[in-house]
Amino acid sequence: MELELKKIPPATFYNAVSERKQPIIFYVDSPWCPDVGYSMTLYFNSKSFVNYSNYKNDDVDALIRDTARTNDQAKRLTMMTNAQQTVMSEAPWVFIAYPGYHMTRRANLKGFTYYTSNNIRFQDFSREA
């Protein structure tokens, strides 16, 4: 595979992501809530704005819908496991790497907590003398 990397301004990049016209885009994103139903709704529901790959599967849409309609955690897990297996078998995304989350800070800055949303909550921080 030949690949040409294009350095573009952030606004142009996010337009390209939302327009979904490029053959491939390297993009890192994560849901703000560690719930499989929420995550699957964001990225694999055919009607979701952030369904970047334009993935559409009626069975997966039904599982996502049904998961949102129950709070029975065992049923939700079973439905989302089935949905994830379907999505992975159809491979609308290619996961190439997960670089992890790293934050450089001074030694006297305390209170850093990793949240699954990958958001920094500055109210957690304090300085030691």
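This is a tour of selected sites in a predicted model, taken one selection at a time.

Residues are numbered from 1 along each chain as its sequence is written. In this predicted model, local features need pLDDT of at least 70 and side-chain atom pairs count only at pLDDT 80 or more, while totals for chains, interfaces and linings use all residues; side-chain values use heavy atoms, with hydrogens and water left out.

**Stop 1: the salt bridges**

A search of the whole structure gives 3 salt bridges (a side-chain nitrogen of Lys or Arg within 4 Å of a carboxyl oxygen of Asp or Glu). Select arginine 76 and aspartate 35, whose side chains form one of them, at 2.9 Å from N to O. Helices (H or I, at least four residues) and strands (E, at least two) are DSSP runs, numbered from the N terminus. Arginine 76 is buried, at 11% relative accessible area, whereas aspartate 35 is partly exposed at 21%. Buried stands for under 20% relative accessible area, exposed for over 50%, and partly exposed for values in between (1.4 Å probe, protein chains only).

Next select lysine 56 and aspartate 58. Their salt bridge has its closest N and O atoms 2.7 Å apart, and both residues are exposed.

Then select arginine 65 and aspartate 66, whose side chains meet in a salt bridge at 3.4 Å, N to O. Aspartate 66 has 31% relative accessibility and is partly exposed; arginine 65, at 39%, is also partly exposed.

**Stop 2: helix 2 against helix 3**

Show helix 2 together with helix 3 (residues 58-68). Their axes come within 10 Å and cross at roughly 140 degrees. Axes here are lines fitted to C-alpha atoms, for helices over the stretch in contact, with angles running from 0 to 180 degrees between N-to-C directions. Helix 2 and helix 3 are therefore oblique to each other (under 35 degrees is roughly parallel, over 145 roughly antiparallel, 65 to 115 roughly perpendicular, and the rest oblique).

Now select asparagine 54, in the loop between helix 2 and helix 3. Its phi is near 55 degrees, a positive value in a residue other than glycine. Most residues other than glycine have a negative phi. Asparagine 54 is partly exposed, with a relative accessible area of 49%.

**Stop 3: between helix 4 and strand 1**

Move to alanine 91, in the loop between helix 4 and strand 1 (109-110). Alanine 91 is not a glycine, yet has a positive phi of about 50 degrees. With a relative accessible area of 46%, alanine 91 is partly exposed.

Asparagine 108 lies in the loop between helix 4 and strand 1 and is partly exposed at 27% relative accessibility.

**Stop 4: a nonpolar patch**

Finish by selecting Leu3, Leu5, Ile24, Phe26, Val94 and Ile96, which make a nonpolar surface patch of about 680 Å². Patches are made of residues with over 30% relative accessible area and no salt bridge; like charges are joined within 9 Å, and nonpolar side chains (Val, Leu, Ile, Met, Phe, Trp, Tyr) within 5 Å. Accessible areas come from the Shrake-Rupley method with a 1.4 Å probe, and for residues only the protein chains shown count as cover. Leucine 5 is in the segment before helix 1 and is exposed, at 69% relative accessible area.
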